[in-house]
Each structure stands twice: as C-alpha cells, then as structure tokens.
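User: Please walk me through this structure in short questions and answers.

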Amino acid sequence: MNEKTPTYRIRIRSSGTPPNESYGWNIHQNSDVLPIRRSQQLFVSRMAGLADANRSRLQLVDADSQDRAAKEG
C-alpha cells in the first residue's frame with residue numbers, strides 16, 4: 001500500500017495579557033483547518049503547553065503506526 005503518513009501540526013494559542021498569560025494548543029492533521037485535538041486545560045508557560053501538546057501528538061503518531069501495522073499484518 002502506498003498510504004501517505006499523516007503529519008501533525010501543533011498550534012500554541014495564548015490568552016490574556018502579560019503577566020497573566022495562559023497558553024493552550026490545537027493539533028491539526030496535514031493541512032486541515034479544523035483541529036483534531038485540543039488542550040483540555042490552560043498552561044501558565046508556553047513550554048508546559050508545548051510539552052503537553054507534544055505528548056498528545058506522539059500518542060496520535062503511535063496510534064497511526066499501530067493501525068498501519070494491523071492493516072499490513
């Protein structure tokens with residue numbers, strides 16, 4: 001099979017004004033406009049939000065690779 005591996009983009013969004021900023025994230029698949037996953041909480045630092053988004057993105061990548069392996073095997 002020649003299926004394209006999906007690409008996941010993380011978009012960090014901020015709300016509030018300094019020093020009371022909070023950050024959340026959206027994950028988009030390929031070039032889609034609508035997010036497939038959103039953060040359930042707000043983070044006080046951009047790095048904490050990015051770390052949480054990356055954990056979620058890795059879960060999506062693992063699920064895709066397991067689905068692909070199940071289809072091949």
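This is a predicted model: local features need pLDDT of at least 70, side-chain atom pairs count only at pLDDT 80 or more; totals for chains, interfaces and linings use all residues.

Analyst: Residues are numbered from 1 along each chain as its sequence is written, and side-chain values use heavy atoms, leaving out hydrogens and water.

User: How many bridges pair strand β1 with β2?

Analyst: Strands are DSSP runs of E with at least two residues, helices are runs of H or I with at least four, and both are numbered from the N terminus. Two strands pair if DSSP finds at least two bridges between them. β1 covers residues 8-15 and pairs with β2 in the antiparallel sense. The number of bridges is eight.

User: Which residue in β2 is the bridge partner of Ile 10?

Analyst: β1 and β2 form a hairpin with six residues between them. In the turn, Gly 16 has a positive phi of about 90°. The partner of Ile 10 in β2 is Ile 27.

User: Why is strand β2 described as largely enclosed by the rest of the structure?

Analyst: Buried means under 20% relative accessible area, exposed over 50%, and partly exposed in between (1.4 Å probe, protein chains only). Strand β2 spans residues 22-29. It is largely enclosed because, of its eight residues, the number buried is seven.

User: Is Arg 38 buried, partly exposed or exposed?

Analyst: Arg 38 is found in strand β3. Its relative accessibility is 49%. Arg 38 therefore counts as partly exposed.

User: Which side chain meets Arg 55 in a salt bridge?

Analyst: A salt bridge is a side-chain nitrogen of Lys or Arg within 4 Å of a carboxyl oxygen of Asp or Glu. The structure holds one. Its N to O distance is 3.4 Å, and the partner of Arg 55 is Asp 52.

User: Why are Arg 55 and Asp 52 separated by about one helical turn?

Analyst: Both residues lie in helix α1, which covers residues 46-72. They are about one helical turn apart because their spacing in α1 is three residues.

User: How far apart are the C-alpha atoms of Gln 40 and Gln 59?

Analyst: Gln 40 is found in the loop between β3 and α1. At 78% relative accessibility, Gln 40 counts as exposed. Gln 40 and Gln 59 are 19 residues apart along the chain, and their C-alpha atoms are separated by 15 Å.
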